[in-house]
Amino acid sequence: MTKTSQEIHTDFLNKTAQLLAQRGFFSVSPPTDTPFFGIWLRIENPVLYLILLQNEGTDSLLTAVQHMTERLAKQQQDFHCTRTVCLTIVTDDSLKDFALSQRISFESNIQYLWWHYSFAEQTLSTGKDQPKKLLGIEKILMQAAEGNNIADAALFTENPSKNKFQMPLATISIFGICAFLLADMLLTGQKTDWILRFGLSAEGIAKGEYYRFFTAMFLHGGLGHLVANSIYLFYFGIPMERILGTGKYLLLYLLSGLVGGLFSLIFSGYLAVGASGAIFGLLGASLLLTHKKGAAYTGMNYATMLLLSISALGMGMLDAGVDNFAHAGGFLAGLFIFCLFLRKKSG
């Protein structure tokens, strides 16, 4: 059965809504007396982004946009934001000239942007001085218009809170193994012997003891070392395990630790122990996830996550006893491996 133009338009709007939700935009139910199909928020401190998707033509569209934006902008302080950017996406072809005639305008701490998107022609039009890219929304519109299946639906749950009570068995097991080994080393007085035997060293690898790449990930030099790593492990590991599933999560963790060990071996060559290479892999993956999905999955917006990543990498430079090469290697590995996950699913 051939779909009518209205049905195709509705499909386009529904796919757009689904993709926006998956990309970390929070949906707000529009009032029944407004011409909006949907309203979405995204927080990128200090900016609160407001996306209005127009559904029906109306002579009072401009007034409706201003009223809705001003109403939501009053809540920007609750989101720790100081400015609101409102993007209105017009899909009614009869209002194309109206949308393109609008200019970027500033009212107090609110900035108004206007786009027209033709889902039939798959073309985005903007007025003078209007940006043609914003938070990847232009790609979302194109994907929705093409009618393709949502590429990464199987990799990410549509509702980030859906699995929040799922037991993160892998993360807990990793911590348990590390804690048990440290307790055994300290209580038996064999700390030095264990580190020399199972820590990562150039001498050991030269003898063919490649198991050290993995055993070193579960050994720590002391209680403070374990506690510091465990904070990052639980903060980034639990949501990442729930998003990826245990198998992909362990693959990400172990390969990041392996690459971190390789960097340490090549660039420093000192005897090394600790899970920091693997944990920095989780940090790198979380940074990429936040860039793609927003704060819905990690609890931080991209700017905050980027600052945290830079700070975490930079703090190691202040301590001569920290293996910064393992951190850098694990971080880059986490970025690369997570990128592969995304490309494999989109392919």
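1. A cavity is a set of points, on a 1 Å grid over the protein atoms alone, where a 1.4 Å probe fits but cannot get out, and lining residues have an atom within 4 Å of a point. This is a predicted model, in which local features need pLDDT of at least 70, side-chain atom pairs count only at pLDDT 80 or more, and totals for chains, interfaces and linings use all residues. Residues are numbered from 1 along each chain as its sequence is written, and side-chain values use heavy atoms, with hydrogens and water left out.

2. One cavity of 30 Å³ or more is found. The largest cavity holds about 40 Å³, a volume being the space filled by probe spheres set on the points, which are joined across faces, edges and corners.

3. Ile174, Phe175, Cys178, His220, Leu226, Asn229, Ser230, Leu233, Tyr253, Ala275 and Ile279 line the largest cavity. Two or more lining residues come from each of α5 (169-188) and α9 (223-244), helices being DSSP runs of H or I with at least four residues and strands runs of E with at least two, numbered from the N terminus. The largest contribution, four residues, is that of α9.

4. Strand β3 (residues 47-54) has eight of its eight residues buried, that is, under 20% relative accessible area with a 1.4 Å probe, protein chains only. Val47, Tyr49, Ile51 and Leu53 point one way from β3, and Leu48, Leu50, Leu52 and Gln54 the other way.

5. Strand β2 (residues 36-44) runs antiparallel to β3, with eight bridges, and a hairpin of two residues connects β2 to β3. With strand β4 (residues 83-90), β3 pairs in the parallel sense over seven bridges; strands pair if DSSP finds at least two bridges between them. Isoleucine 51 in β3 is the bridge partner of tryptophan 40 and stands opposite leucine 87 in β4.

How values were computed:
1 Å grid on protein atoms, 1.4 Å probe; cavity = no way out; pocket = protein on both sides within 12 Å on 5 of 7 lines; lining within 4 Å. Buried < 20%, exposed > 50% of the residue type's maximum accessible area, 1.4 Å probe, protein only.
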